[in-house]
Amino acid sequence: MIPALLVSAGRLDFRMSVYVCDVCNYRYDESKEEIPWDDLPEDWVCPLCGVGKDKFSLLDEDSGKEKAGDGGHSGEVDHSVPVTVSDVLAETMVAWGVRWVFGMLGHSNLGMGEAVRKQEEKGKLNFVSIRHEGAASFACSAYGKLTRRLSACLTIAGPGATNLLTGLWDANLDRSPVLAVTGQVEAQVLGPGGFQEVDLQAAFGRVAAWQQTVLAASNYGELMSLACKNSLTGRRVSHLVVPDEIQKLESRDQMMPGNPEGRMMAMEIGPPVSSVKKAADLLGQSKRPAIIAGYGALPVAQSVVELAEEFSLPVITTYKAKGLLSDNHPLACGVVGRSGTPVAAKMMAGSDCLLVLGAGFSAHSGILKTIPTIQVDFDAAALARFHSVNVPVWGEIGITLSHLKARLSKTVQFEDRRRDIAENWDSWRREKRKRAAHVGDKGISSAAVYDVLTRTAPGDSLMTIDVGDNAYTFGRYFESDRQPVIMSGYLGSIGFSFPAAMGVWAASQEEGSEFAGRKVISVSGDGGFAQYMGEFLTAVKYDMDITHLLLNNNELGKISREQQDEDFQVWNTSLVNVNFAEFAESCGASGYRAETAEELEKALERAIDHPGPALVEVSVDSSLH
Ligand SMILES: Cc1ncc(C[n+]2csc(CCOP(=O)(O)OP(=O)(O)O)c2C)c(N)n1
Ligand SMILES: [Mg+2]
């Protein structure tokens, strides 16, 4: 066998092939052996474990392309340019389906940045350079909440990395898959606490479900594969720390990018038969059961609606599942809980059994504990977390529903409550119209704002919302057609909605996806928006098609109310604001200001028609709810 001539970036190299035993990892390196591999007799056996030649895999071929050794690696590495550790990491991310990287470049992540740039050149990754790393993690968290797929945030060591933490906690608490890749100071200066040195494994230790530092001797492709796998399967945060100089090291010859082939499994775990039987029995004994669908049920919305239609079950959603089915569906009761409608509250209260699907029972959800309950969740820890339930069922929701459907006898007859639902909606809509007509000294009511938004938002738009009065009232007054609503649920962080809209916009850019080409609308108050105002410039830079609706009451409205409720003085909740519409214009986007419902309608229509970033600011009176 003639040694392969490898030319790479000004470096000439003679390379022989290496064969590795699949059983004991013994390496047959032609450069060290007298006999080339092909000339070894057919009955030659591994000197360590005794298996034949056919149990060996080629690591290094004449062509310079490296090939799978253990079945886990099958990527191709182009050796015509030096391949760095970062290249292997980036290629592995691509193989695991990462399409978007949100982040900011700086001294300690330039190696990784260059690898991402090369992937972007090949059309495999897109990099969005944000203005504050907190926006990167919010964007990724929102992208994961909407798509259940993985995206990445990339930062430098120290402050860039610590800026990620709020968004990562948002992902952690709401079960969104996010990959954080942070730079680190050079490995040889790690320890004494020099410039930008933060113990990142400690800082991220509680928020990341899986984390590791990449060392020179690491199997980096494998580490990235594990980061991706753990994030996707657990819908959690994974974190890789990559010290500065390691990012730029030339990759070792045998190091291959990882990929999900043979590493990912179907996730539709069926429930135990006994649990399904108990659930079917309890449902079968009831007369007026209802479904309460949470965020975990969103990916199987169709199955939920089919079950509801077959057995005439009212469908109530938690706030995080708003949009699971249209509010115009005859079985839809809207959102339950603190941001909910009386329709949902009354229909829940009138039920004698609740089938709770993928909902977390947080205090905000307001799911009554006193009604016999079946709870279904893919996460055992989420079952009966706050209190015991009659039948906890551990299983993927779609599969569980199909088993349940099969068990529920066709002869089971529940009361048909469609008429009740319709009457409740009629009286609630009358009440909403009354509230929408109120105009205060400082502006219109949020009921009026969301009445206009209900009429103007395209039915298939993708929505993100913030936290505060603006969000409570959105849940209550906005009638969802089929718009998913992405929020900072358990963390409840103000400032979420605009950076989240950037993540959702990324999903809308993916051809062939169910979100492709859909309009993105984000909603916030004045306090929340100001936390990430700088990101409006990011939206302009990348010409993101986002319409932002800003409810301006010149105060931290929800906090003023809380102070009043607790008999404190209203103190330091007033806000000094810019003219947000002018701000948007000065960023290079479109900006509109509205004082009345009529002006708002016109402004929103124009903003939504505009195929780029636009902001609509509306004056609201926070004394009107
Ligand atoms: C990061 C963060 N800081 C503080 C809070 C507490 N908080 C909840 S709502 C709110 C007021 C938000 O004001 P604004 O965005 O103007 O909304 P409004 O209530 O006026 O509609 C604050 C400060 C929070 N939830 N998150
Ligand atoms: Mg406000």
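The confidence that the predictor assigns to each residue is called pLDDT and runs from 0 to 100. Two residues are counted as in contact if their C-beta atoms, placed from the backbone, lie within 7 Å. This is a predicted model, in which local features need pLDDT of at least 70 and side-chain atom pairs count only at pLDDT 80 or more, while totals for chains, interfaces and linings use all residues. Residues are numbered from 1 along each chain as its sequence is written, and chains are lettered from A and ligands numbered from 1 in the order in which they are written.

The average pLDDT of the protein is 92, and 94% of the residues score at least 70. Over residues 1–14, however, pLDDT stays under 50, and the model has 21 contacts beyond four places in sequence for them. Residues 62–77 likewise stay under 50, with 36 such contacts. Where pLDDT is low, the predicted coordinates should not be read in detail.

Helices (H or I, at least four residues) and strands (E, at least two) are DSSP runs, numbered from the N terminus. Strands pair if DSSP finds at least two bridges between them. One open sheet has six strands in the order β7-β6-β8-β9-β11-β10, with parallel pairing. At its edges are β7 (126–129) and β10, each of which pairs on one side only. From one strand to the next, the twist averages 20 degrees.

Within this sheet, β8 (residues 151–155) and β9 (residues 178–184) run parallel and are joined by five bridges; Leu154 stands opposite Val181 in β9. Four bridges link β10 (residues 210–213) with β11 (residues 237–243) in the parallel sense, and the bridge partner of Gln212 in β11 is Leu240. Helix α2 (residues 110–121) lies across β6 (100–103), β7, β8, β9 and β11, at about 130 degrees to β7. Such angles run from 0 to 180 degrees between N-to-C directions, with axes fitted to C-alpha atoms, for helices over the stretch in contact.

Six bridges join β21 (residues 546–552) to β23 (residues 614–619), and Leu549 has Val616 as its bridge partner in β23.

Ligand 1 has 21 residues around it (C-beta atom, placed from the backbone, within 6 Å), of which Gly468, Gly525, Gly527, Gly528 and Gly557 come nearest. The elements giving two or more residues to this shell are α15 (469–477), β20 (520–525), α17 (526–531) and α19 (557–565).
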